[in-house]
Amino acid sequence: QVQLVESGGGLVQAGDSLRLSCAASGRALSIYTMGWFRQAPGKEREFVGTITRSGTSTDYTDSVKGRFTISRDNAKNTVYLQMNSLKPEDTAVYYCAASTRLYLLTSRYRAESMYDYWGQGTQVTVSS
């Protein structure tokens, strides 16, 4: 199985940018579709975005479209979440997750149940 470790979180001001990393070990990242989720205080964990195994296709929740970008470097076994124009409502613990399932529609990966492995999360706090 694969182990996932997120990093790159921190405290930033509204409008700033931040890049999160998710490093995988144990197995090659290239065999997994990867997703990013987040959980704000007092709220349920929600889907942020996903990227297919080859990196050719992505999907994002509406609230981050145009501001967040997911990419991956399979040679480095790492997935990234570039977050620009951050808002206070982006404050949350961010998790990366790996899915062994293979679907044609990237929208299938919006559900937490599609993912088999999860990282421990990294805190992102955006001040106004």
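Predicted model: local features only at pLDDT ≥ 70, side-chain atom pairs only at ≥ 80, totals over all residues.
Me: Which residue does Asp116 form a salt bridge with?
Reply: Arg101. Their closest N and O atoms are 2.7 Å apart. Arg101 is partly exposed too, at 28% relative accessibility.

Me: Where do Arg101 and Asp116 lie?
Reply: Both lie in the loop between β9 and β10, so the pair ties together parts 15 residues apart in sequence.

Me: How many salt bridges does the structure hold?
Reply: Seven. One of them joins Arg110 and Asp59, with the closest N and O atoms 2.6 Å apart.

Me: What does the Arg110 and Asp59 pair tie together?
Reply: Parts that are 51 residues apart in sequence, because Arg110 is in the loop between β9 and β10 while Asp59 is in strand β6. Asp59 counts as buried at 11% relative accessibility. Arg110 is partly exposed, at 34%.

Me: Which residues are joined into a network by shared partners?
Reply: Arg38, Glu46, Arg67 and Asp90.

Me: New topic. How many helices and strands?
Reply: Zero helices and 11 strands.

Me: And how compact is the protein?
Reply: As compact as a globular protein of its length, because its radius of gyration is 13 Å, close to the 14 Å that the globule rule gives for 128 residues. Buried residues make up 45% of the 128.

Notes:
Residues numbered from 1 in each chain as written. Heavy atoms only, no water. Helix = DSSP H or I, 4+ residues; strand = E, 2+ residues; numbered from the N terminus. Rg over C-alpha atoms; globule rule 2.2 N^0.38 Å. Buried < 20%, exposed > 50% of the residue type's maximum accessible area, 1.4 Å probe, protein only. Salt bridge = Lys/Arg side-chain N within 4 Å of Asp/Glu carboxyl O.
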